[in-house]
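Subject: Structure handover

Hello,

Here is the structure to look through. My notes on it follow below.

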Amino acid sequence: MFSYLQRQRVNLQLLQESSCRELVHLLEKVEGNKAIVLDDALLGPIGLIASPSLFSDRGIKLLKLDKETRFPRDAANIIYIIRTQIKLMDIIVSHVLRTKEKGRLFHIFFVPRRSCLCIKHLENKNVYGSFGQLEELPWNLYPLDSDILSMENATAFRDVAVDGDPTVLYQAAIGLVQLQRIYGRIPKIYGKGSMSQGVWERAKQLGTEEKLLFNGEKGIIDQIILFDRSIDFLSAFATQLTYEGLIDEFYGIRHNQLTLPAELFANRSENDASPAHLTAEKKTIILNSGEKLYGELRNKNFNEVGRILARNAKEISAQMNASTQDKSVHDMKLLVDKLPVLLAQKQSVAVHTTIGEIIRKRLDAYEFTDDLTAEQEFMMCEDIERPSAYIEDLMAKKSDLKSVLRLICMQCAAASGFKEKVLNYYKRELAHVYGLEILLKVSNLEKAGVLYTQSESRAYAVLRKTLNLTVDDVVEIEPKDISYVHSFYAPLTARIVELSLKPLGWQSLKSQINNLPGPTFEDFQAQLIGIGGRHTSTPSEGSYLNIPRVVLVFFVGGCTFAEIAALRFLACQEDNNVEFVIATTKVINKYTFLDNLT
């Protein structure tokens, strides 16, 4: 089920298997019939760790946590797999009090670690004696694909920047240490931003305590680059124009799953879909590199998707309609054996053609094209020193608040801060049109550093030119530059990674990115021969020098599918000779990032 995770030098299936073993070990400590109750935020991620058969083979039922959860009569043990939140403890307490006389034993597996505060809450409610095992599942990083790890923490950036809670930084640090236990010590570390520095300092301390970083063998991963989301808000709020990015922005990809109305696929699926697909209200589509066609489509600019689908449809049709005349019995048998694969490929093309059609309708809407034009003008630093006439029109029409706030945030990022009178003008107009409560959202955006007043630095305007962030004549089909992911704009984080791959790249970059928020730092855990080179080699290692180096890029605060696509594009360029593993607190888009901040 998880074979798609092992397609790179860093085999992420090892991490999945390690996390799965931890779960099985704890389940085996609980004797008797069991039912597992999952809190809402873990219903999806648990599928990234364990297959459904792990539970069905053991006769374990999975239930969703809510106040009215009903347990199977034969379940002598109720196991809660939950995050460490007091509000969840209150729901569990109500369950215990409701079913106390039935002689059940309760257990809690905390994710990602035990919480003394939660346990104390159970003691204060006089239910602590009803619990058997109080354990922890250290699931800090979930493998989404062969090159993506996610903490699945949507509020990570808000927790630190707005609420002042650094817990997620410690959790990320533990995740880095776990990776090094499995894949070996990472010798070179580079980073930008205060959160990133906080993660690395904690990881280094944890590794030192168990003599991992200094004494462990040099592993598969050659270096790590850590980024704060705060150094590049523009990429977070920009419209993604890759196939995967557009699916996520319009319909939401959650834990590698896309859910759409079933009727969209009914007409195409009449001949080859099961009746369940036709009658169900929703159709769930698994999106990962395990499906060959999706692996080919996901990183492409949407304007290239139609051509790829047409080519695949033509190839499948040619194979299925191949003449059977003059074929031997052996050839016929090969064709028959191949039919199930061809039918699956045909169904895959049909599904993605349907998705492409509904996306195209959204792209052709006037609202989408107008918004895209406005944000591209901001990226070009046009009319960013004064209130935008387009944003004023949107507010006058009382357009969707999220669209208005997003464009204001983009203008602020492009201008490297507003003049005070411009920021106050926007606040006044927002309160007038949408009500005074909107000022609470604006306040959170200010705390997060998304909206702010100008200083002398014009970081974006300078970097746009020095790092070539905007490309006028971008090639969307068979591109030559990472700017294709936004059809115009190269994500700043991806451009920094691209330049860091060059000899002495990070050293030459430091002076250019110093004006971005937060410290620029580097650390070395092995004797090196140069910032851009690999670790010190000996003659016996010479045969290994052509092996692609592996770079772990960690986004603290979230990254977009467009940024992921840009890094994958760089990995495909032979001159770079690199493989990326991308880790993030959560894969975000322009809407989810804004929602979680406000």
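Helix 23 gives the largest share of the lining of the second largest pocket, five residues. Helices (H or I, at least four residues) and strands (E, at least two) are DSSP runs, numbered from the N terminus. This is a predicted model: local features need pLDDT of at least 70, side-chain atom pairs count only at pLDDT 80 or more, and totals for chains, interfaces and linings use all residues. Residues are numbered from 1 along each chain as its sequence is written, and side-chain values use heavy atoms, with hydrogens and water left out.

A pocket is an open set of points on a 1 Å grid over the protein atoms alone, where a 1.4 Å probe fits, with protein on both sides within 12 Å along at least five of seven lines; lining residues have an atom within 4 Å of a point. The lining here has 23 residues, and G295, N299, R568, F569 and C572 are the closest to the pocket centre. Helix 12 (292-297), helix 23 (561-572) and strand 14 (578-584) each give two or more residues to the lining.

Where does the second largest pocket lie? Domain 2 (144-232 + 482-527 + 546-597) and domain 3 (243-364) both give residues to its lining, so the pocket lies between them. Domain bounds come from an automatic or database domain assignment. The protein also has domain 1 (3-138) and domain 4 (367-415 + 417-448). The C-alpha centres of domain 3 and domain 4 are 39 Å apart.

Regards
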